[in-house]
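Reader: I am new to this structure and would like to go through it step by step. Could you show it to me before I start asking?

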Amino acid sequence: MISEKLKKGQLLIAEPSIIGDLSFNRSVILLADHNKEGSVGFILNKPLKYTIRDLLPEIDSKFKIYNGGPVEQDNLYFIHNVPNLIPNSVEIANGIFWGGDFELTKELINSGAIKKKNIRFFLGYTGWDAEQLENEMQANSWILTKNAYENKILGKASIHFWKEKIIELGGEYLIWSNAPENPILN
């Protein structure tokens, strides 16, 4: 059963058939929470043109901001791999944590204690109601994979991450690795 396979910490790779969906076309999502009430995730490979300094001038850093998903895009979220520095964070899995003491986080970034490889910021998140993600999985909208990078994924995920994951899948997916984002424009 799909719901038994789904668990936080896994990656959802958008099927190549998701074309025309601006949020999810060629997305790789870290599943941050999954339970019977629903699911939450963050898109890892959709950087925006903003840095954290653009949104919060009191933070002296140029860490990129990513589009986390279409839900609550006016809110800032973060995941990190330094729970020893950021209290009150929630473990997703494999040494990746969500949120925590934001005031302290700002101070730690400004002091240089938190580096780019330790944290990623998102505007918005991806959310699914109860059983919605299971239904999308049954409709073959997503490919579920293990996060083999564990807490190093913050430095790994880039705009080319979807293509890299599709190449790793191999087989019938290889043809999609070099296809244009919108095949109609080919």
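Author: The answers below go from the whole chain to one helix, then to salt bridges and strands.

Reader: What kind of model is it?

Author: This is a predicted model.

Reader: How many helices and strands are there in the chain?

Author: The chain contains seven helices and ten strands.

Reader: And how many residues, and what part of them is buried?

Author: The chain has 186 residues, and 49% of them are buried. Its accessible surface comes to about 9700 Å², with 51% of that belonging to carbon and sulfur atoms.

Reader: What share of the contacts is between residues 24 or more positions apart?

Author: Counting contacts in the chain with a separation of 6 or more, 61% are between residues 24 or more positions apart.

Reader: Let us turn to helix H3. Which of its residues are buried?

Author: Helix H3 covers residues 102-111, and its buried residues are Thr-105, Lys-106, Leu-108 and Ile-109.

Reader: Why do they line one face of the helix?

Author: Seen down the axis of H3, the buried residues fall within an arc of 165 degrees, so they line one face. As a general point, an α-helix has 3.6 residues a turn, so residues three or four places apart point the same way.

Reader: Which exposed residues are on the face turned away?

Author: Glu-107 and Ser-111 are the exposed residues carried by the face of H3 turned away from its buried side.

Reader: What is found at the start of H3, and what follows the helix?

Author: At the start of H3, the backbone nitrogen of Glu-103 has a side-chain oxygen of Asp-101 within 3.2 Å. After H3 comes Gly-112, which has a positive phi, near 90 degrees.

Reader: Lys-106 is a charged residue on that buried list, I see. Which side chain does it meet in a salt bridge at 3.2 Å?

Author: That partner is Glu-58, with 3.2 Å from N to O. The pair links distant parts of the chain, 48 residues apart: Lys-106 belongs to helix H3, while Glu-58 lies in the loop between helix H2 (52-55) and strand E5 (64-67).

Reader: Are those two buried or exposed?

Author: Lys-106 is buried, with a relative accessible area of 12%. Glu-58 is partly exposed, at 42%.

Reader: Which residue does Lys-106 meet at 3.3 Å?

Author: The side chain of Lys-106 also meets that of Glu-103 in a salt bridge, at 3.3 Å from N to O. Glu-103 and Lys-106 are three residues apart in helix H3, so about one helical turn separates them. Glu-103 is partly exposed, with a relative accessible area of 49%.

Reader: How many salt bridges are there by this count?

Author: The count comes to four salt bridges. One of them is formed by Lys-165 and Glu-168, whose closest N and O atoms are 2.9 Å apart. Lys-165 and Glu-168 are three residues apart in helix H6 (residues 161-169), so they too are separated by about one helical turn. Lys-165 is buried, at 5% relative accessible area, whereas Glu-168 is exposed, at 51%.

Reader: A last topic: which way do the residues of strand E1 point?

Author: In strand E1 (residues 11-14), Leu-11 and Ile-13 point one way and Leu-12 and Ala-14 the other, and all are buried.

Reader: Which strands does E1 pair with?

Author: E1 pairs with strand E2 (residues 28-35) in the antiparallel sense over three bridges, and Val-28 in E2 is the bridge partner of Ile-13. Four bridges join E1 to strand E10 (residues 142-145), again antiparallel. In E10, Trp-142 is the bridge partner of Ala-14.

Definitions and conventions. Residues numbered from 1 in each chain as written. Predicted model: local features only at pLDDT ≥ 70, side-chain atom pairs only at ≥ 80, totals over all residues. Heavy atoms only, no water. Buried < 20%, exposed > 50% of the residue type's maximum accessible area, 1.4 Å probe, protein only. Helix = DSSP H or I, 4+ residues; strand = E, 2+ residues; numbered from the N terminus. Arc of directions from axis to C-beta. Polar contact = N/O pair within 3.5 Å; in protein donor to acceptor, adjacent residues only side chain to side chain. Contact = heavy atoms within 4.5 Å. Areas by Shrake-Rupley, 256 points an atom, 1.4 Å probe, with all protein chains shown as cover. Pairing = 2+ DSSP bridges.
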